[in-house]
Amino acid sequence: MAIGLVTLVGLAVMGVAVVVFAMVRPQLATQLISQMPELGPTAAPTSARSATQTARPMPRSPSADGLTPTLVPPQALTRAPDPSPTTKQVPALTSVPTLTPTRFSRPTETPFAATSVAELVQRVRTAVRYIRTAEGITGSAFVITEDGYVVTNSHVLSAADGAYVGTHAGREEFAPIVADAPDLDLALLKLPGDGPHPFVDFGRSNDLNLGDDLVILGYPLRLDTLTVTRGVLSARHPGWLQTDATANPGNSGGPAFSEQGRVIGVVTMKLGGGVVSRVESANFLINGDLVHRTVDAWIADHRVADGAIAQIPTAAGSGLPIVSAGNGHTCEVRIDGTVACWGINDHGQASPPTGLFQSVSAGGWHTCGLRANGTIACWGRNDYGQANPPPGTFQTVNTGDRHTCGLRIDDTIACWGANGEDGRANPPPGVFRTVSAGSRHTCGVHIDGTVACWGSNEGILGKNLGQAVPPAGIFRTVSAGFEHTCGVRADGTVACWGDNTFGQATPPSAVFQAVTAGFSHTCGQLVDESVECWGHDLFTGQATPPPGSFRSISAGGRHTCGVRVSGFVECWGVPWSLGDYSGPAVPPAGTFQAVSTGYNHTCGLRTDGTITCWDSKAGGKAVPPAGVFQSVSAGFDHTCGVRANGTVACWAGSSGRGVPSGQADPPAGSFRTVSLGLSHTCGVRSDGSISCWGSNLDGRATPPPGAFQSVSSGLSHSCGVRTDGTVACWGDHENGRADPPASTFQSVSAGDNHSCGLLVDGTISCWGSNSAGQTDPPAGKFQSVSAGFSHTCGLRTNGTIACWGLNDDGQADPPAGSFLAVSAGTTFTCGLRTGGAVACWGGSQYVTRS
């Protein structure tokens, strides 16, 4: 769903289209279902929570933006004692084979295909459970990990803080709520201990065709006996599936299985978490792909939080982020449903509108997103009308170079924008499963699995390449690139056609789940969720993916992005731009204690005390000396670190211009910390005094006397926190950057033309230039603050990062998750995650957001 325009060897050539593999979000379904005839009388609520209430009344800690999942310590919850015993003897289930434990990794063996319903049931039944609350409400559930995470419906749990789960060993165990999304009617529980528990895995519900068989297992009517019903997939709705397999009250929260024994849906008796009435007898399933994405993100968050509860606000979206790589920009639908973009923004393609979105597709110079209500919004270049979508309700949207296509709710395709003489924006009649817009051609997968392509078969030099002539056969998905196209066949192999100059149309012999075609490279997601790429990779690295598992991938012009299973977005390669370009600055693997961003390089202090630096400028070098260090600080043309013995060592940065003015020539003696400016360096000695070296223009290397706790050097000034908590600044006073307020501070950070300090009450105070809002911190409590060039970032007390100020390159747009530290640079920012990994964001071509 992303493409772009690339100038290569003086030729203006058009970019690439990729597919973002992500499911639609639930808000659209609420709107559609609300327009359907009433399916039956509205039943009275089964608990103290009314049928129209949209959020569980759980205790919640303050959230920085009101939308992010909020973590609450388990001890903050209370539960009325259950008068019944904590264990209940029930008829033991028959001992049967169980699935091979895989936790988060997806099975790589040949998918199981049952020869009968009885064989399927025997394989999965031990993972299907009944649940009951202390109030006596019962339902169904299923275990999805070896260590005991359990999925069920939100409405079954009502106002409870957990439920008793019937085990395969014939007893009950109390499982507290880990996460809850009433709007999705989904909840996640956690059985005590680490297991092992028999569990089931998810399939891909989007691979199912209408009429395909499915089986529902559960415990209806408050029975302790597992029941089985069989049917077919009857209909698709955004976020939901419908079946003719009977689901009775009590089946709520139970799984629906494909014939491969994988979960493809969850039974629900309510749509919209109570916004829409109960729908018994309608046999609705929550789309399994949406459930899969959502609970994996919850589990990752819960494991990181070490036993905290995450509640998804009703206004938020759900599941993992969705990422789309364009030509020189990238866009992401965050977990809260908003869109964030970074990279080249010369036409406004990286400036998304406000509102909630289901998916996003980044093109050459424009971007389109599918809103929560199913309409499409586009922004960026519109010279051919490619950013003027038609009215109506859509399932997906996919941007090409100068045209865009969307799959309507009735499964027909609509395209708009440049059409030329090739008819790239004239889709054929018929119903489709997917659509992908390329440079001058478009392809779609029909409901029957056959592929149709339309538009030009010629390359930019007039040669017939055949990118719009698909092979025969049945396909799951298709992705139209610049001048080649690739699709995943029904057996999981990939077929490509069109330009193969760089091998981009020669896929490896492997079984894939998904494929995405870029400008001159292609990437595919294997069945184990690792990524393999092929095609052009010279100088740029877009076809060299990092190891590990990804939930979705998107190939752009000269870079590729993927969403990790944990929900973090990671990119590799270099988006194209004229002239000089910055590299991706991918943080190296391993764990770190601290990180510091310079002008175009970053250095991190590893847990073993050694320092590793990496560059964001092509050809740049930042090579630290060997040895063990206490701290590190990266500047413009140099970097310094305090060794374990207190001495300071400095070395050249990555500008390649040497180190002028003596700022890399530290004095002798023992230091606590060191901080680097543009042409000067300052450090706090062991006795608390400050010494500075390098350029002394404006007095920036002449600190005041006295004892200090810390020091921070900016572009042309420095500030230090005295032992009494007051701040003193010296050097360039233009715009008031070196004129701190009379307050008591914990720490201070000097930026380019402004400074910020952390007050003793945990709030932030800033002074100096406010040209981009860099001195307007948000409200709330913080642990630390870091002032960059024209933006500032702070680490909140809950571990999340907030940034403000200039954001033209995404430097003030931090990823979600928990951090230990943050460091704001020029046009990019880096943070140290709680696990010790480093994540960076921002920069015109600084695309890594791990």
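1. The term salt bridge here means a side-chain nitrogen of Lys or Arg within 4 Å of a carboxyl oxygen of Asp or Glu. Arg402 is buried, at 19% relative accessibility, and Asp401 is buried too, at 0%. For these labels, buried is under 20% relative accessible area, exposed is over 50%, and partly exposed lies in between (1.4 Å probe, protein chains only).

2. Before you read on, please note that this is a predicted model, where local features need pLDDT of at least 70, side-chain atom pairs count only at pLDDT 80 or more, and totals for chains, interfaces and linings use all residues. Residues are numbered from 1 along each chain as its sequence is written, and side-chain values use heavy atoms, with hydrogens and water left out.

3. Next, have a look at Asp383 and Arg381, which form a salt bridge with their closest N and O atoms 2.8 Å apart. Asp383 is partly exposed, with 42% relative accessibility. Arg381 is also partly exposed, with a relative accessible area of 22%.

4. Then turn to Arg737, which pairs with Glu734 in a salt bridge, the closest N and O atoms lying 3.7 Å apart. Arg737 is buried, at 5% relative accessible area, while Glu734 is partly exposed, at 47%. Asp732 belongs here as well: salt bridges that share partners join Asp732, Glu734 and Arg737 into one network.
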